[in-house]
Amino acid sequence: TFHVAGRLRGLPQPATIAMSTRARELRAEGADVISLALGEPDFPSPPEAVEAAAAAGRAGDTRYPPIGGQPALKAAIVDKFRRQNGLDFTPEQILVANGGKQVIFNAFMATLEPGDEVIVPAPYWVSYPIIARMMGGVPVEVPCHEASGFRLRPLALRAAITPRTRWLVLNFPNNPSGAIMERADLEAIADVLRDAPHVWVLADEIYEHLTFDGRKHVSLAAVAPDLAGRILTMNGMAKAYAMTGWRVGFAGGPLPLIKAMTSVQSNATSGVCTLAQAGAVAALGSPFERVETMRATYQARRDRVVAALRALDGLTCARPDGAFYAYPGISGVIGKTSARGRLMASDLDFAEALLEEAHVATVPGAAFGMSPHIRLSFAASDAQLDEACRRIADFVRTLR
Ligand code: PLP
């Protein structure tokens, strides 16, 4: 019989994948399904990136790259961190990985001992607790409630820290809530961290450029330079540059950590695809107005979706300050029954019924550690979003 390693047993199946798989099945059966389940920009990658990747291929830039990243890309990342985040790294302090996801994988594999705790503010992107558990770590969830704008509160963080805490994950703008942390919020978090010198921070800033209403993302390492020696600041090309398929993520951090992570990557995947790295260099140097245009588009879509959801009885919807997700609360419909007789006992029931009966794919909040909510992505066209909101409204109105 097939043996599955213990480290994989009991890991949750990411509900994001489960919902999009079911959506695909329904489509194959002929249903007109609108999927707002995936966090994937619906814009093309920058043409400069495509051209640079093709040129690199033609120029024979097709050999094994250095494990930690091509010098040209590391230089562009050093420059990006300095200009956009106020952070100073040497090229040796930068690691280029196969997406932001591999940065997290490398970091946890390089540092976690069995039983080490990783504080994950909830709601959270599904991969942090899963990767932590794969490495023998223990995720410790800290709820960030809708009433506090889904921001991490210093007292809640303080209460979660134990002698076994190894990492705090800080993902703002947040997937799935869209919350950001402003400078004052980060200063309060930094104060807590000053009292806990054994705690390291994984600052996942992959949505940094997607912020709304003139708000700007700030990096923890810039707010608290005295803590920079234990902050890993990660980012990537996927969200701001619409380059999900290129698989280029990166991080800047303390040299010993970056060295350990590079050693993990060396034995897992080696360096990132040379053509993708050439594309990333070109994208980082391409006109920033393009990112700004996407940001403005997401903001307009957010306004449409939030207005439509707030009009519904039984739903609440905080206005996300960043990223491209809405995370409405659905406690007002829990206990009701759908037209086809499904009981809404949880957000999972709601999301399933919404998909089966109204053909709108979303992700239940349970997947992100905070219920009852659903996450919908507004990385979709206005027409799709309007139609999806109309279907959600019709569905919610028929609940009894
Ligand atoms: N971090 C967050 C918060 C994300 O939502 C995602 C993707 O969904 C990632 C990291 C990983 O991005 P990638 O591995 O595609 O660079």
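Around the ligand lie 13 residues, and of these G99, G100, K101, G236 and A238 come nearest. A residue is near a molecule here if its C-beta atom, placed from the backbone, lies within 6 Å of it. Helix α4 (residues 99-111) gives the largest share of this shell, three residues. Helices (H or I, at least four residues) and strands (E, at least two) are DSSP runs, numbered from the N terminus. By class, the shell has three nonpolar, eight polar and two charged residues. Ala, Val, Leu, Ile, Met, Phe, Trp, Tyr, Cys and Pro count as nonpolar, Asp, Glu, Lys and Arg as charged, and the others, Gly among them, as polar.

The model is predicted: local features need pLDDT of at least 70, side-chain atom pairs count only at pLDDT 80 or more, and totals for chains, interfaces and linings use all residues. Residue numbers start from 1 along each chain as its sequence is written. The protein averages a pLDDT of 96, and 100% of the residues score at least 70; pLDDT is the predictor's confidence in each residue, from 0 to 100. The model's ipTM is 0.99 and its pTM is 0.96.

The protein is assigned domain 1 (6-44 + 289-394) and domain 2 (60-284), with bounds from an automatic or database domain assignment. Taken over C-alpha atoms, the centres of domain 1 and domain 2 are 26 Å apart. Their contact takes 33 residues from domain 1 and 32 residues from domain 2, where two residues are in contact if their C-beta atoms, placed from the backbone, lie within 7 Å. On the side of domain 1 that touches domain 2, α11 (289-310) and β9 (325-326) are the elements that give two or more residues. The largest share of that side, six residues, comes from α11. Its residues divide into 19 nonpolar, eight polar and six charged.
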